[in-house]
2 protein chains.
Amino acid sequence: MNSLKDQFTQHLRILQSEICQGLEQEDGKAEFISDVWERQGGGGGDSRVISRGDVFEKGGVNISVVHGDLSPQAAQQLNVHGKSFFACGLSLVIHPFNPFVPTVHANWRYFELYDENGLPVDQWFGGGTDLTPYYLFEEDATYFHSVQKKCCDGFDTALYRKFKEQCDNYFSNHHRGEERRGIGGIFFDHCREDAQHDLNFWKRFTEANGKVFLDGYLPIVTRRKTTSFADKHKYWQEIRRGRYVEFNLIHDRGTLFGIRTNGRTESILMSLPPTVRFDYNDIPATGSEEEKLMNVLMHPKQWLNDK
Amino acid sequence: MNSLKDQFTQHLRILQSEICQGLEQEDGKAEFISDVWERQGGGGGDSRVISRGDVFEKGGVNISVVHGDLSPQAAQQLNVHGKSFFACGLSLVIHPFNPFVPTVHANWRYFELYDENGLPVDQWFGGGTDLTPYYLFEEDATYFHSVQKKCCDGFDTALYRKFKEQCDNYFSNHHRGEERRGIGGIFFDHCREDAQHDLNFWKRFTEANGKVFLDGYLPIVTRRKTTSFADKHKYWQEIRRGRYVEFNLIHDRGTLFGIRTNGRTESILMSLPPTVRFDYNDIPATGSEEEKLMNVLMHPKQWLNDK
């Protein structure tokens, strides 16, 4: 029987192909290009990148399966103890062209740590999916969250509320008074064996969350991708994309960990949007659609009546 | 007689007005708008911002004069010890529209630290000026460096070489194999009283470097601002601006210090370029003008024959 890490890696490879295929079909024009790369210290990855599609302006669906010695710097960054590690994950970011179609991000990962004898000392799963709209359609937000909740509820009805809150707390531009990057989703990390769940529970949950990704995102794309828009909508999208850049480069742990441990820069930074604007002190007009979005970014909502 | 910090603050205020005036004159259309702000913990600033000019697409010439308690976090970030602090500085970044006109950055600052009794325990000057062209004109790079060298040589002929090297080392995207942000200039920091120089020497030097700023930059702007350009030149400028964003948000100590100590976000991030592109794995064609620039960014040159 294959080890847990082999099983999960195999799952990620299949998932990567399924997601790329689903997105290509939705786009109808562009195709993912694959860049297979090797890591000097051990392992490598497969970066699949799409650009200049009819629907998707830029995006990446990347796998990395890496192992090797853990530098003291990297151990500190991760806040863990261990001599060597194994990590595999799938990271995706999709930036649509039409400002009425939201950007989406997802990541699912598994980590193992070993002592000086190569014996496992720690292992955990992490991941999640979150949505970044430029204009707020409540039905899209509610739909997206309902897919995430349904996935969580199939495992433990306590999970959605906890992981939804963690998502709102994590994807936040702290330097802008806790302005969230988007309308959230779920975010989970360091899911280890505990009193209620064994490691296999978290493996199955993380796999399940990957499998519902297209179901949570594509119906929203289909609904919005043909909506006509004006220059001012594109302008606002590019302003908001600036905040996406700020979050990813200043706060995102995955990005900073990758960069500080000599990860493959182009694969890490494929998450950055294709065209971006930074204006000084841009503030939406009172009562505008842009302000409506800002309100939910500053004050995250419960999208589902699940009290 | 005024204290050293009052004198330097006064110098910065006059310099701010002179620089804004010189840039407005060069632009011929846009004017700086002043945003005066207060800092909750003590002090405040005057952010002067220009946008949508005929020559300058976006820019800021900001002063801050702040004081207050030094949080343990901020002390660690600065790698200093002290209970409270005074800091004043002028920071400027100018992003021209025409891709043949280089972006320029400069900063001049003074810092004082006090113990629990409010007695000074440390003080130093820092600053510098550096140029970020999108296309390389050797005569511009040489001219820019010659102004910086002349300024340095008026104080100590050992300074230029040292501060030029520090500039190349500092403004570098380490995560891209030491790809420099631009063609450098000078960078100096923690200039304290030492065996050769008293604090007043560094004050006069820092003031002098501010006073030659326009002389180093405007002749280059004048020479390039009417050069006609094509979409592909603008495209490349926006790709390179992406690297500017990467440096400022991932590596720049001043930006990160400001953000982590609850500085005024809009004033800190005025440094970000107005329009930016992030393409996956953009590599200039062999023999192109774009590659010519890359070569000097990867391998900084001695622009002056001063061996």
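Two strands count as paired if DSSP finds at least two bridges between them. Strands (E, at least two residues) and helices (H or I, at least four) are DSSP runs numbered from the N terminus. The model is predicted: local features need pLDDT of at least 70, side-chain atom pairs count only at pLDDT 80 or more, and totals for chains, interfaces and linings use all residues. Residues are numbered from 1 along each chain as its sequence is written, and chains are lettered from A and ligands numbered from 1 in the order in which they are written.

**View 1. The pairing of strands E6 and E9 in chain B.** Strand E6 (residues 120-132) of chain B pairs with E9(B) in the antiparallel sense, over 6 bridges. Phe125(B) has Cys191(B) in E9(B) as its bridge partner.

**View 2. The open sheet of chain B.** The sheet has 7 strands in the order E1-E2-E3-E4-E5-E6-E9, with antiparallel pairing. Its edge strands are E1 and strand E9 (184-191) of chain B, each of which pairs on one side only. On average, neighbouring strands are turned by 5° against each other, direction ignored; such angles run from 0 to 180 degrees between N-to-C directions, and axes are lines fitted to C-alpha atoms, for helices over the stretch in contact. In a regular strand the side chains alternate between the two faces of the sheet.

**View 3. Two hairpins of chain B.** Strand E1 (residues 33-38) of chain B runs antiparallel to strand E2 (residues 43-51) of chain B, and 6 bridges join them. Within this pair, Trp37(B) has Gly45(B) in E2(B) as its bridge partner. The hairpin of E1(B) and E2(B) has 4 residues between the strands, and Gly42(B) in the turn has a positive phi of about 135°. E2(B) is also joined by 9 bridges to strand E3 (residues 56-69) of chain B, again antiparallel. Lys58(B) in E3(B) stands opposite Ser51(B). The hairpin of E2(B) and E3(B) has 4 residues between its strands, and there Arg52(B) takes a positive phi near 55°.

**View 4. The packing of helices H3 and H6 in chain B.** Helix H3 (residues 138-153) of chain B packs against helix H6 (residues 213-224) of chain B at an angle of about 165°, with the axes 9 Å apart. The crossing of H3(B) and H6(B) is right-handed, that is, the near helix is turned clockwise from the far one by less than a right angle. Residues of H3(B) that meet H6(B) include Tyr143(B), Phe144(B) and Val147(B), and those of H6(B) include Pro219(B) and Ile220(B).

View 5. A rotation of 180° with 0.0 Å of shift along its axis superposes chain B on chain A (RMSD 0.0 Å), by least squares on the C-alpha atoms of residues with pLDDT of at least 70 in both copies. The two copies are thus related as by a two-fold rotation axis. In chain B, the C-alpha nearest the axis belongs to Val276(B), 2.5 Å from it. The contact takes 22 residues from chain B and 23 residues from chain A, where residues are in contact if their C-beta atoms, placed from the backbone, lie within 7 Å. H7(B) gives the most to the side of chain B that touches chain A, with 4 residues.

**View 6. His174 in chain A.** His174(A) lies in the loop between strand E7 (172-173) and strand E8 (179-180) of chain A.

How values were computed:
Two residues are in contact if their C-beta atoms, placed from the backbone, lie within 7 Å.
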